[in-house]
Every structure is written in structure tokens, then in C-alpha cells.
Amino acid sequence: MIRRWCLCLAVLSLLAFRPSAYSCIALPTLGDRVWNDWNADGIQDQGEPGMSGIEVKLYDSAENPFGSTLTNNNGNFSFAVPADEYYLKFILPDGYRFSPMEQESDSLLDSNAHPRTGMTRGITLASGDSDPTWDAGMHAVPLPGTVWLLGTGLMGLFGFRTKTKK
Ligand SMILES: [Ca+2]
Ligand SMILES: [Ca+2]
């Protein structure tokens, strides 16, 4: 019993004189979301879902690769990195385009991927920062024939006769 108390006192003494032994230094973080921008306006509207499994690459201030990750089921991603300047690059899946960037004054809701390259502007992170304003809106490229089908639907709507099997 005495031995156990001695051990506890020894541990507490160490912690008391070395606060760094039990405190963690949190790295700055950045993120936040890739979403399916159904109306292609570059703004996260209510009901537009996140896109999972999208690759997001991180580059350092010299534009060297620094890391990469995939978005989760909600389309979210994040990096915890040392304070510095970084760039993100979002990788488009087949059949998608980027939405227009920075269309909204609310940076939590706008898209930050360049429509041609998928790269963001430089992101400066200082110690203790948490920046969840970096997003990418993507929308499906219409497949060939979509206009034809729409036209067919409109013709039906306006009373054109269609053949049906009896
Ligand atoms: Ca939208
Ligand atoms: Ca944003």
C-alpha cells in the first residue's frame, strides 16, 4: 500500500514540475466540405448533400505535396498541420465540374476551388487557428441526350400525341 502511494506521489510530482508532460499542443486545422452543388451556383444550399470519397490534396507554401485525404460520408475533411501557408487541391470525379468560386460573402457557404484547376488560394494558418471555410462545390455534367429527353417531356406536357402499346 505504501509503495502504491509513493508511486502516485512520484507521478504527481513529475506532472507538477513538467506541465508539458500532460498538456498537448493543438495543431492548426483547416477544412471543411465537398458538396454536390445541384444548382451549380457555387453556394451550399439547404439539402445539397456532401460528396464522400473525394480526394483532397494539401500543398505547402512552396507548392510541394504535404498530404492528402478523402472526404467522409458527409463530404467533410480536415487537416491538422503546423502553422504555415498551404494550398488545397480538390480532385474532380468523372462526370463532374467545379462550381464557380467565391460567390457568397459567407465563406462557410461558398466554393473555394478554382473552376479550372481545383486549387484554392493560399491559406495562412497561425498557431491555434481553426479554419473551416475551405470548400468545393461540384455538379454533374449533363449527359448527352438530356436535352432531347427534356424536349420530349415538354412535348408531352403541351399535348403532343405519343404512341402507346395496346
Ligand atoms: Ca447551390
Ligand atoms: Ca468556403
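Visitor: What kind of model is it?

Guide: It's a predicted model. The chain has a mean pLDDT of 82, with 72% of its residues at 70 or more.

Visitor: Where is pLDDT below 50?

Guide: One such stretch is residues 1-17, which has 3 contacts beyond near neighbours in sequence. Residues 148-166 also stay under 50, and there the model has 2 contacts beyond four places in sequence. Where pLDDT is low, the predicted coordinates should not be read in detail.

Visitor: OK. How many helices and strands are there?

Guide: 2 helices and 8 strands. Going from the N terminus, the elements run α-β-β-β-β-β-β-β-β-α.

Visitor: And how much of the chain is buried?

Guide: Buried residues are 20% of the 166 in the chain. As for contacts with a separation of 6 or more, 65% are between residues 24 or more positions apart.

Visitor: What's the strand order in the open sheet of 4 strands?

Guide: The order is β3-β2-β5-β7, with antiparallel pairing. β3 and β7 (123-125) each have a single partner strand, so they sit at the edges with one side lacking a neighbour in the sheet. From one strand to the next, the twist averages 30 degrees.

Visitor: How many bridges join β2 to β3?

Guide: 5, linking β2 (residues 55-59) and β3 (residues 65-70) in an antiparallel arrangement. Leu58 has Gly67 in β3 as its bridge partner. The two strands make a hairpin with 5 residues between them, and Glu63 in the turn has a positive phi of about 65 degrees.

Visitor: What about β2 and β5?

Guide: That antiparallel pair has 4 bridges, with β5 covering residues 84-90. Lys57 stands opposite Lys89 in β5.

Visitor: Which residue in β7 does Glu85 stand opposite?

Guide: Thr124. β5 and β7 are joined by 3 bridges, again in the antiparallel sense.

Visitor: Switching topic: where is Gly47?

Guide: Gly47 is in the loop between β1 (29-36) and β2.

Visitor: Is Gly47 buried or exposed?

Guide: Exposed, because Gly47 has 6 C-beta neighbours inside 10 Å, and the cut-off for exposed is 12 or fewer.

Visitor: How far is Gly47 from Asp37 in space?

Guide: 9.7 Å, C-alpha to C-alpha, with the two residues 10 apart in sequence.

Technical notes:
Residues are numbered from 1 along each chain as its sequence is written. Chains are lettered from A and ligands numbered from 1 in the order in which they are written. This is a predicted model: local features need pLDDT of at least 70, side-chain atom pairs count only at pLDDT 80 or more; totals for chains, interfaces and linings use all residues. pLDDT is the predictor's confidence in each residue, from 0 to 100. Two residues are in contact if their C-beta atoms, placed from the backbone, lie within 7 Å. Two strands pair if DSSP finds at least two bridges between them. Axes are lines fitted to C-alpha atoms, for helices over the stretch in contact, and angles run from 0 to 180 degrees between N-to-C directions.
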